[in-house]
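This briefing covers one protein model.

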Amino acid sequence: MPLLHTSSMADIAAAEWDALLPDDQPFLRHAFLLSLEESGSVRPETGWQPDHLLWREQGTLHAALPGYRKRHSQGEYVFDHAWADACQRAGIPYYPKWLGAIPFSPVTGARLLGEAHAVNAILRHLPDELHQHGLSGAHINFTTPQADAALTQQPDWLLRLGLQYHWHNPGYRDFQDFLDTLMSRKRKQLRKEREQVAASGFDFTWYRGDALREDQWDFIYTCYANTYAVRGQYPYLTRPFFSLLAARMPEAIRVTIATLHGQPAAMAFCLTDGTTLYGRYWGCLAEFDRLHFETCFYQGMDYAIAAGLKRFDAGAQGEHKLVRGFVPQITHSWHYLCHDGLRDAVADFLVQERAGVRAWEQEAHDALPYRRGP
């Protein structure tokens with residue numbers, strides 16, 4: 001059978017993998033996924049066992065699905081904990097499951113990589129693979145319309161909707177140009193937030209990945225890890241991940257570091273593909289009023305305007321983004337559940353949930369701060 005599994009990106013040539021990618025989004029690149037594995041951020045001991053699906057014909061790679069066998073539902077950002085809890089009460093095993101996703105990255109992008117006929121072949125074989133390996137189901141998160149079209153044609157896959165908030169840049173000249181599109185009260189609020197941080201003495205500097213020293217990466221990681229420590233959690237990523245990524249794809253990395261009286265105090269770590277800025281991680285050494293909004297949102301908006309980027313994806317969730325001009329964006333995920341009873345129950349739930357998500361999307365649009373009418 002041409003369908004193969006591999007537990008390591010190192011088993012696949014980078015050029016072969018990257019040739020399947022439809023765009024320049026950094027999260028899908030061989031270097032990104034390999035860095036997750038080689039840094040120990042993704043490994044079986046943390047509940048993330050790499051299990052990438054490959055379709056080869058006469059030795060040539062025609063399609064692939066990046067994937068993982070999971071023994072929990074952490075780090076996915078499509079929340080199925082309630083499904084797992086219901087299975088536990090009913091005596092139905094929910095873990096392990098197979099997940100097609102980019103670990104710890106709630107970013108919409110290609111998941112079904114390669115030629116359509118080979119991708120469809122993988123999807124046809126996947127249910128048998130799940131049963132053969134004792135997996136409860138398959139989940140493919142944050143899909144594009146191309147993947148949606150392919151999965152719609154496969155039997156028993158269930159569509160789930162989510163909601164994120166993205167900021168769009170139609171060609172603003174500067175941040176004031178953006179502010180001029182807002183209602184007066186909202187415009188004053190944003191300006192006041194920025195002025196408050198500036199008056200506290202903070203300065204911000206942006207760096208590309210190859211402009212950062214190892215001691216600066218130490219600081220970046222300390223800030224990143226602190227966002228988990230304050231909640232009593234362990235960080236998903238290890239310190240070596242950042243150095244590996246900086247060595248392999250520095251051109252995709254953008255970091256802003258906030259200094260107070262010349263001393264680093266906070267940071268935001270982003271990736272870019274030339275059209276979009278992806279805000280991924282932030283952290284600070286001490287709490288300062290409004291510093292989070294400036295570092296995570298306004299600095300990214302400033303950077304996107306200056307760099308001519310069209311979109312700023314600042315991460316999952318966050319209704320507080322609405323007042324700052326981030327527009328609601330529907331996200332898609334797909335779920336195949338092997339247990340008939342579970343699949344029927346989840347299908348009924350998703351009908352109601354999809355209606356709720358669409359209703360909230362409309363309410364969120366109505367809550368945007370942009371001026372209306374002439």
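A polar contact is a pair of N or O atoms within 3.5 Å; within protein, one atom must be able to donate a hydrogen and the other to accept it. The model is predicted. By that definition, the side chains of Glu294 and Gln299 make a polar contact at 2.8 Å.

- Glu294 sits in helix α10, which covers residues 291–307.
- The relative accessible area of Glu294 is 4%. Buried means under 20%, so Glu294 is buried.
- Leaving aside residues up to four places away in sequence, Glu294 touches Arg194, Val197, Phe204 and Gln299.

**The open sheet**

- Four strands make up an open sheet, in the order β1-β3-β4-β7. Their pairing is antiparallel.
- β1 (3–6) and β7 (113–114) are the edge strands. Each has a single partner strand, so one side of each lacks a neighbour in the sheet.
- Four bridges join β1 to strand β3 (residues 52–57), in the antiparallel sense.
- His5 has Leu53 of β3 as its bridge partner.

**Helix α8**

- Helix α8 (residues 214–229) has 16 residues. At 1.5 Å a residue they should span 22 Å, and the end C-alpha atoms are 22 Å apart, so the two values agree.
- Buried residues in α8 include Trp217, Phe219, Tyr221, Tyr224 and Tyr228. Gln216, Ile220, Cys223, Ala225 and Thr227 are buried in α8 as well.
- These buried residues pack against β10 (202–208), α9 (239–248), β11 (253–260), β12 (263–272) and β13 (276–284).

**Helix α9**

- In α9, the buried residues are Arg239, Phe241, Phe242, Leu245 and Ala246.
- Viewed down the axis of α9, the buried residues fall within an arc of 165°, so they line one face of the helix.
- Packing partners for the buried residues of α9 are α2 (30–38), α8, β11, β12 and β13.

**Helix α11**

- Helix α11 (residues 340–366) contains 27 residues. From first C-alpha to last, α11 reaches 39 Å, close to the 39 Å expected at 1.5 Å a residue.
- Leu342, Arg343, Val346, Leu350, Glu353, Arg354, Val357 and Ala364 are buried in α11.
- The cover over the buried residues of α11 includes α3 (81–90), β9 (158–168) and β15 (327–337).

**Aromatic pairs**

- How many aromatic pairs does the structure hold? There are 31.
- One of them joins Phe32 and Phe241 edge-to-face, at 5.7 Å centre to centre and 90° between the planes.
- Phe32 lies in helix α2 and Phe241 in helix α9, so this pair ties together parts 209 residues apart in sequence.
- Are Phe32 and Phe241 buried or exposed? Both Phe32 and Phe241 are buried.
- The ring centres of Trp48 and Tyr68 lie 5.6 Å apart, with the planes at 75°, so that pair is edge-to-face.
- Trp48 belongs to strand β2 (residues 48–50) and Tyr68 to strand β5 (residues 68–70). The pair links distant parts of the chain, 20 residues apart.
- Trp48 has a relative accessible area of 2% and is buried.
- Tyr68 counts as buried, at 0% relative accessibility.

Methods:
Residues are numbered from 1 along each chain as its sequence is written. This is a predicted model: local features need pLDDT of at least 70, side-chain atom pairs count only at pLDDT 80 or more; totals for chains, interfaces and linings use all residues. Side-chain values use heavy atoms; hydrogens and water are left out. Two strands pair if DSSP finds at least two bridges between them. Helices (H or I, at least four residues) and strands (E, at least two) are DSSP runs, numbered from the N terminus. The expected span of a helix is 1.5 Å times one less than its number of residues. Buried means under 20% relative accessible area, exposed over 50%, partly exposed in between (1.4 Å probe, protein chains only). Contact means heavy atoms within 4.5 Å. The arc is that of the directions from the helix axis to the C-beta atoms. Rings of Phe, Tyr and Trp (its six-membered ring) pair if their centres lie within 6.5 Å; planes under 30 degrees apart count as stacked, over 60 as edge-to-face and the rest as tilted.
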